[in-house]
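Let's take a look at this one together. Have the sequence and the 3D view open as you read.

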Amino acid sequence: MAAADELAFHEFEEASNLLAETPDAVTTSGSGQLTPQGHVAVAVDSGGSYGAEEEVEESDKTALLQEKQQPGFWTFGYYQSFFDVDTCQVLDRIRGSLLPRPGHNFVRHRLRNRPDLYGPFWICATLAFVLAVTGNLTLVLAQRRDPSIHYSPQFHKVTVAGITIYCYVWLVPLALWGFLQWRKRVRERVGPYTFLETVCVYGYSLFVFIPTVVLWLIPVPWLQWLFGALALALSAASLVFTLWPVVREDTRLVAAVLLSTVVLLHALLATGCKFYFFQPLPLEPLAPPPQATSLPLNLLPPPTPRSQVT
(Lines give C-alpha, C1' and ligand atoms only; values in the text may rest on other atoms or scores of the structure.)
Protein backbone atom coordinates (compact mmCIF):
# COMPACT_ATOMS: atom_id res chain seq x y z
CA MET A 1 0.00 0.00 0.00
CA ALA A 2 1.37 3.41 -0.95
CA ALA A 3 2.70 5.57 1.82
CA ALA A 4 0.92 8.71 2.90
CA ASP A 5 3.78 10.89 1.66
CA GLU A 6 3.39 9.54 -1.87
CA LEU A 7 -0.29 10.45 -1.95
CA ALA A 8 0.28 13.95 -0.57
CA PHE A 9 0.28 17.03 -2.73
CA HIS A 10 3.80 17.93 -3.98
CA GLU A 11 5.05 21.19 -5.35
CA PHE A 12 7.10 21.29 -8.53
CA GLU A 13 10.50 22.93 -8.21
CA GLU A 14 10.38 24.59 -11.63
CA ALA A 15 6.97 26.06 -10.89
CA SER A 16 8.16 27.31 -7.54
CA ASN A 17 11.10 29.04 -9.17
CA LEU A 18 8.85 30.70 -11.74
CA LEU A 19 6.51 31.89 -9.03
CA ALA A 20 9.45 33.24 -7.07
CA GLU A 21 10.43 35.35 -10.06
CA THR A 22 6.86 36.54 -10.65
CA PRO A 23 5.11 36.56 -7.30
CA ASP A 24 2.04 38.31 -8.69
CA ALA A 25 1.23 35.46 -11.08
CA VAL A 26 -2.00 33.62 -10.60
CA THR A 27 -2.36 29.97 -11.58
CA THR A 28 -5.49 28.05 -12.38
CA SER A 29 -6.25 24.40 -12.05
CA GLY A 30 -7.74 22.11 -14.70
CA SER A 31 -11.15 22.66 -13.18
CA GLY A 32 -10.93 26.41 -13.67
CA GLN A 33 -10.57 27.33 -9.96
CA LEU A 34 -7.97 29.79 -8.76
CA THR A 35 -5.14 28.46 -6.58
CA PRO A 36 -3.24 30.46 -4.03
CA GLN A 37 0.03 32.02 -4.96
CA GLY A 38 3.14 29.99 -4.37
CA HIS A 39 1.47 26.73 -5.07
CA VAL A 40 0.84 24.96 -8.37
CA ALA A 41 -2.03 22.57 -8.49
CA VAL A 42 -2.03 19.78 -11.02
CA ALA A 43 -5.42 18.44 -11.94
CA VAL A 44 -6.31 15.79 -14.48
CA ASP A 45 -9.38 16.46 -16.52
CA SER A 46 -10.67 12.93 -16.73
CA GLY A 47 -13.92 13.74 -18.46
CA GLY A 48 -12.75 16.09 -21.22
CA SER A 49 -10.95 13.59 -23.46
CA TYR A 50 -13.64 10.96 -23.12
CA GLY A 51 -16.30 13.50 -23.99
CA ALA A 52 -14.42 14.45 -27.16
CA GLU A 53 -14.05 10.78 -28.14
CA GLU A 54 -17.76 10.23 -27.61
CA GLU A 55 -18.56 13.18 -29.84
CA VAL A 56 -16.27 11.78 -32.57
CA GLU A 57 -17.89 8.36 -32.30
CA GLU A 58 -21.35 9.86 -32.52
CA SER A 59 -20.39 11.86 -35.60
CA ASP A 60 -18.93 8.71 -37.22
CA LYS A 61 -22.11 6.78 -36.48
CA THR A 62 -24.20 9.57 -37.96
CA ALA A 63 -22.09 9.59 -41.12
CA LEU A 64 -22.39 5.81 -41.46
CA LEU A 65 -26.15 5.94 -41.04
CA GLN A 66 -26.39 8.62 -43.69
CA GLU A 67 -24.34 6.46 -46.06
CA LYS A 68 -26.48 3.40 -45.41
CA GLN A 69 -29.69 5.25 -46.11
CA GLN A 70 -30.39 4.50 -49.75
CA PRO A 71 -33.02 6.30 -51.79
CA GLY A 72 -36.33 4.67 -52.56
CA PHE A 73 -36.98 2.27 -55.41
CA TRP A 74 -39.10 4.83 -57.25
CA THR A 75 -36.48 7.60 -57.17
CA PHE A 76 -33.80 8.42 -59.72
CA GLY A 77 -31.04 8.21 -57.14
CA TYR A 78 -31.73 4.51 -56.58
CA TYR A 79 -30.78 3.67 -60.19
CA GLN A 80 -27.96 6.18 -60.35
CA SER A 81 -25.67 3.87 -58.39
CA PHE A 82 -25.98 1.19 -61.10
CA PHE A 83 -24.49 3.58 -63.67
CA ASP A 84 -21.66 4.81 -61.45
CA VAL A 85 -18.75 3.40 -63.47
CA ASP A 86 -15.92 4.95 -65.43
CA THR A 87 -14.47 4.10 -68.82
CA CYS A 88 -11.58 2.07 -67.40
CA GLN A 89 -13.93 -0.22 -65.48
CA VAL A 90 -16.16 -0.80 -68.51
CA LEU A 91 -13.18 -1.57 -70.76
CA ASP A 92 -11.74 -3.93 -68.18
CA ARG A 93 -15.03 -5.83 -68.00
CA ILE A 94 -15.25 -6.00 -71.77
CA ARG A 95 -11.74 -7.48 -71.93
CA GLY A 96 -12.75 -10.01 -69.31
CA SER A 97 -15.72 -11.13 -71.41
CA LEU A 98 -13.61 -11.36 -74.59
CA LEU A 99 -10.86 -13.43 -72.96
CA PRO A 100 -12.52 -16.01 -70.69
CA ARG A 101 -10.17 -18.26 -68.74
CA PRO A 102 -10.89 -21.36 -66.65
CA GLY A 103 -10.77 -20.57 -62.97
CA HIS A 104 -11.12 -16.83 -63.61
CA ASN A 105 -14.48 -15.78 -62.23
CA PHE A 106 -15.88 -12.77 -64.09
CA VAL A 107 -18.05 -11.69 -61.14
CA ARG A 108 -15.31 -11.90 -58.51
CA HIS A 109 -12.37 -10.63 -60.57
CA ARG A 110 -14.08 -8.08 -62.84
CA LEU A 111 -17.30 -6.95 -61.21
CA ARG A 112 -15.95 -7.21 -57.65
CA ASN A 113 -19.50 -7.26 -56.25
CA ARG A 114 -20.26 -3.93 -57.96
CA PRO A 115 -22.44 -4.76 -60.99
CA ASP A 116 -23.41 -1.98 -63.35
CA LEU A 117 -26.13 -1.51 -65.95
CA TYR A 118 -24.29 1.09 -68.00
CA GLY A 119 -22.21 -1.42 -69.96
CA PRO A 120 -24.99 -3.96 -70.63
CA PHE A 121 -27.44 -1.22 -71.66
CA TRP A 122 -25.18 0.30 -74.30
CA ILE A 123 -23.84 -3.05 -75.49
CA CYS A 124 -27.39 -4.27 -76.17
CA ALA A 125 -28.35 -0.98 -77.85
CA THR A 126 -25.25 -1.05 -80.06
CA LEU A 127 -25.77 -4.69 -81.00
CA ALA A 128 -29.41 -4.10 -81.95
CA PHE A 129 -28.50 -1.07 -84.08
CA VAL A 130 -25.60 -2.85 -85.79
CA LEU A 131 -27.78 -5.88 -86.52
CA ALA A 132 -30.45 -3.75 -88.22
CA VAL A 133 -27.96 -1.67 -90.22
CA THR A 134 -25.84 -4.58 -91.43
CA GLY A 135 -28.98 -6.55 -92.30
CA ASN A 136 -30.07 -3.74 -94.63
CA LEU A 137 -26.56 -3.35 -96.05
CA THR A 138 -26.52 -7.03 -96.91
CA LEU A 139 -29.58 -6.56 -99.08
CA VAL A 140 -28.09 -3.49 -100.74
CA LEU A 141 -24.93 -5.39 -101.65
CA ALA A 142 -26.98 -8.32 -102.88
CA GLN A 143 -29.00 -6.02 -105.13
CA ARG A 144 -25.83 -4.63 -106.68
CA ARG A 145 -24.68 -8.13 -107.51
CA ASP A 146 -28.09 -9.20 -108.81
CA PRO A 147 -30.34 -6.39 -110.12
CA SER A 148 -33.33 -8.71 -110.06
CA ILE A 149 -33.41 -8.52 -106.23
CA HIS A 150 -35.80 -5.84 -105.03
CA TYR A 151 -34.66 -3.86 -101.98
CA SER A 152 -36.68 -1.57 -99.74
CA PRO A 153 -35.50 -0.11 -96.40
CA GLN A 154 -36.61 -2.32 -93.52
CA PHE A 155 -36.77 -0.05 -90.50
CA HIS A 156 -38.77 -2.57 -88.51
CA LYS A 157 -35.60 -4.60 -88.06
CA VAL A 158 -34.37 -2.06 -85.51
CA THR A 159 -37.44 -2.70 -83.36
CA VAL A 160 -37.19 -6.47 -83.77
CA ALA A 161 -33.50 -6.48 -82.87
CA GLY A 162 -33.99 -4.24 -79.84
CA ILE A 163 -36.89 -6.26 -78.42
CA THR A 164 -35.07 -9.55 -78.99
CA ILE A 165 -31.78 -8.49 -77.43
CA TYR A 166 -33.22 -6.72 -74.40
CA CYS A 167 -35.73 -9.49 -73.66
CA TYR A 168 -32.95 -12.04 -73.85
CA VAL A 169 -30.64 -10.09 -71.51
CA TRP A 170 -33.38 -9.56 -68.91
CA LEU A 171 -35.67 -12.60 -69.09
CA VAL A 172 -33.06 -15.35 -69.36
CA PRO A 173 -31.03 -14.06 -66.36
CA LEU A 174 -34.29 -13.71 -64.43
CA ALA A 175 -35.17 -17.35 -65.06
CA LEU A 176 -31.62 -18.44 -64.27
CA TRP A 177 -31.53 -16.41 -61.05
CA GLY A 178 -34.91 -17.84 -59.95
CA PHE A 179 -33.76 -21.40 -60.63
CA LEU A 180 -30.55 -20.91 -58.65
CA GLN A 181 -32.51 -19.40 -55.78
CA TRP A 182 -34.70 -22.50 -55.74
CA ARG A 183 -31.67 -24.79 -55.84
CA LYS A 184 -30.16 -22.82 -52.97
CA ARG A 185 -33.07 -23.88 -50.78
CA VAL A 186 -32.66 -27.48 -51.88
CA ARG A 187 -28.89 -27.52 -51.41
CA GLU A 188 -27.57 -24.95 -48.97
CA ARG A 189 -24.05 -25.01 -50.41
CA VAL A 190 -25.19 -23.49 -53.69
CA GLY A 191 -24.65 -19.71 -53.52
CA PRO A 192 -26.17 -17.92 -56.54
CA TYR A 193 -25.26 -14.49 -57.79
CA THR A 194 -27.60 -11.56 -57.44
CA PHE A 195 -30.01 -10.73 -60.24
CA LEU A 196 -28.06 -7.62 -61.27
CA GLU A 197 -24.80 -9.58 -61.37
CA THR A 198 -26.42 -12.16 -63.66
CA VAL A 199 -27.78 -9.43 -65.96
CA CYS A 200 -24.37 -7.79 -66.03
CA VAL A 201 -22.66 -11.05 -67.00
CA TYR A 202 -25.10 -11.66 -69.85
CA GLY A 203 -24.84 -8.08 -71.09
CA TYR A 204 -21.06 -8.08 -71.31
CA SER A 205 -21.03 -11.55 -72.89
CA LEU A 206 -22.83 -10.15 -75.97
CA PHE A 207 -20.09 -7.64 -76.80
CA VAL A 208 -18.20 -10.15 -78.94
CA PHE A 209 -21.14 -10.31 -81.38
CA ILE A 210 -20.81 -6.61 -82.32
CA PRO A 211 -17.62 -7.02 -84.41
CA THR A 212 -18.87 -10.41 -85.57
CA VAL A 213 -22.03 -8.89 -87.05
CA VAL A 214 -19.90 -6.36 -88.95
CA LEU A 215 -17.75 -9.19 -90.33
CA TRP A 216 -20.89 -10.94 -91.54
CA LEU A 217 -21.02 -8.34 -94.34
CA ILE A 218 -18.37 -10.40 -96.11
CA PRO A 219 -20.38 -12.31 -98.77
CA VAL A 220 -18.72 -15.67 -98.07
CA PRO A 221 -21.11 -18.09 -96.33
CA TRP A 222 -18.53 -20.42 -94.79
CA LEU A 223 -16.54 -17.47 -93.48
CA GLN A 224 -19.66 -15.99 -91.92
CA TRP A 225 -20.41 -19.24 -90.11
CA LEU A 226 -16.79 -19.47 -88.95
CA PHE A 227 -16.92 -16.01 -87.40
CA GLY A 228 -20.27 -16.82 -85.81
CA ALA A 229 -19.00 -20.08 -84.30
CA LEU A 230 -15.92 -18.34 -82.87
CA ALA A 231 -18.01 -15.55 -81.31
CA LEU A 232 -20.46 -18.08 -79.88
CA ALA A 233 -17.62 -20.12 -78.37
CA LEU A 234 -16.08 -17.08 -76.64
CA SER A 235 -19.42 -15.77 -75.38
CA ALA A 236 -20.67 -19.14 -74.15
CA ALA A 237 -17.32 -19.88 -72.49
CA SER A 238 -17.57 -16.61 -70.56
CA LEU A 239 -20.98 -17.65 -69.23
CA VAL A 240 -19.96 -21.22 -68.41
CA PHE A 241 -16.77 -20.23 -66.56
CA THR A 242 -18.74 -17.66 -64.56
CA LEU A 243 -21.61 -19.99 -63.64
CA TRP A 244 -19.50 -23.04 -62.93
CA PRO A 245 -18.40 -21.99 -59.39
CA VAL A 246 -22.09 -21.62 -58.51
CA VAL A 247 -23.39 -24.92 -59.87
CA ARG A 248 -20.43 -27.21 -59.24
CA GLU A 249 -21.63 -27.90 -55.69
CA ASP A 250 -24.94 -29.15 -57.06
CA THR A 251 -25.55 -32.59 -58.54
CA ARG A 252 -23.85 -33.43 -61.80
CA LEU A 253 -27.14 -33.86 -63.62
CA VAL A 254 -28.47 -30.45 -62.60
CA ALA A 255 -25.17 -28.73 -63.39
CA ALA A 256 -24.91 -30.37 -66.82
CA VAL A 257 -28.53 -29.60 -67.76
CA LEU A 258 -28.26 -25.99 -66.56
CA LEU A 259 -25.02 -25.22 -68.41
CA SER A 260 -26.26 -27.00 -71.55
CA THR A 261 -29.44 -24.93 -71.50
CA VAL A 262 -27.42 -21.72 -71.16
CA VAL A 263 -25.24 -22.61 -74.14
CA LEU A 264 -28.24 -23.77 -76.20
CA LEU A 265 -30.15 -20.52 -75.64
CA HIS A 266 -27.04 -18.55 -76.57
CA ALA A 267 -26.67 -20.58 -79.76
CA LEU A 268 -30.34 -20.07 -80.64
CA LEU A 269 -29.94 -16.31 -80.29
CA ALA A 270 -26.89 -16.20 -82.56
CA THR A 271 -28.39 -18.54 -85.16
CA GLY A 272 -31.73 -16.73 -85.17
CA CYS A 273 -30.03 -13.38 -85.77
CA LYS A 274 -27.99 -14.90 -88.59
CA PHE A 275 -30.99 -16.31 -90.41
CA TYR A 276 -33.33 -13.38 -89.86
CA PHE A 277 -31.09 -10.37 -90.48
CA PHE A 278 -28.74 -11.76 -93.13
CA GLN A 279 -31.01 -13.49 -95.61
CA PRO A 280 -31.62 -11.68 -98.91
CA LEU A 281 -35.14 -11.07 -100.05
CA PRO A 282 -36.53 -13.66 -102.45
CA LEU A 283 -36.49 -12.86 -106.13
CA GLU A 284 -39.63 -11.22 -107.40
CA PRO A 285 -41.47 -13.50 -109.78
CA LEU A 286 -41.08 -12.15 -113.28
CA ALA A 287 -44.21 -11.77 -115.41
CA PRO A 288 -44.35 -14.50 -118.06
CA PRO A 289 -43.83 -13.24 -121.63
CA PRO A 290 -47.02 -12.96 -123.70
CA GLN A 291 -47.58 -16.09 -125.73
CA ALA A 292 -49.04 -16.07 -129.22
CA THR A 293 -52.54 -17.48 -129.22
CA SER A 294 -53.78 -19.43 -132.21
CA LEU A 295 -57.15 -18.42 -133.64
CA PRO A 296 -59.59 -20.98 -134.96
CA LEU A 297 -59.64 -21.50 -138.70
CA ASN A 298 -63.13 -20.13 -139.22
CA LEU A 299 -62.04 -16.80 -137.72
CA LEU A 300 -59.03 -16.39 -139.95
CA PRO A 301 -59.48 -13.90 -142.81
CA PRO A 302 -59.83 -15.46 -146.28
CA PRO A 303 -56.69 -15.39 -148.37
CA THR A 304 -56.53 -12.69 -150.97
CA PRO A 305 -56.21 -13.91 -154.62
CA ARG A 306 -52.97 -13.18 -156.35
CA SER A 307 -53.17 -10.58 -159.03
CA GLN A 308 -52.61 -11.94 -162.51
CA VAL A 309 -49.96 -10.44 -164.60
CA THR A 310 -51.29 -9.30 -167.96
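This is a predicted model: local features need pLDDT of at least 70, side-chain atom pairs count only at pLDDT 80 or more; totals for chains, interfaces and linings use all residues.

How many contacts beyond four places in sequence does the model have for residues 63-67? The count is 0, and pLDDT stays under 50 over that stretch. (pLDDT is the predictor's confidence in each residue, from 0 to 100; contact means heavy atoms within 4.5 Å.)

Residues are numbered from 1 along each chain as its sequence is written, and side-chain values use heavy atoms, with hydrogens and water left out.

The protein chain has a mean pLDDT of 75, with 63% of its residues at 70 or more. Confidence is highest in helix 10 (residues 209-215), at 94, and lowest in strand 2 (residues 34-35), at a mean of 46. Helices (H or I, at least four residues) and strands (E, at least two) are DSSP runs, numbered from the N terminus.

## Two helices side by side

The axes of helix 11 (residues 221-247) and helix 12 (residues 252-277) come within 10 Å and cross at roughly 150°. Axes are lines fitted to C-alpha atoms, for helices over the stretch in contact, and angles run from 0 to 180 degrees between N-to-C directions. So helix 11 is roughly antiparallel to helix 12 (angles under 35 degrees count as roughly parallel, over 145 as roughly antiparallel, 65 to 115 as roughly perpendicular and the rest as oblique).

## A buried Asp

Asp92 sits in helix 5 (residues 87-98). Asp92 is buried, at 18% relative accessible area (buried means under 20%, exposed over 50%, partly exposed in between, with a 1.4 Å probe and protein chains only).
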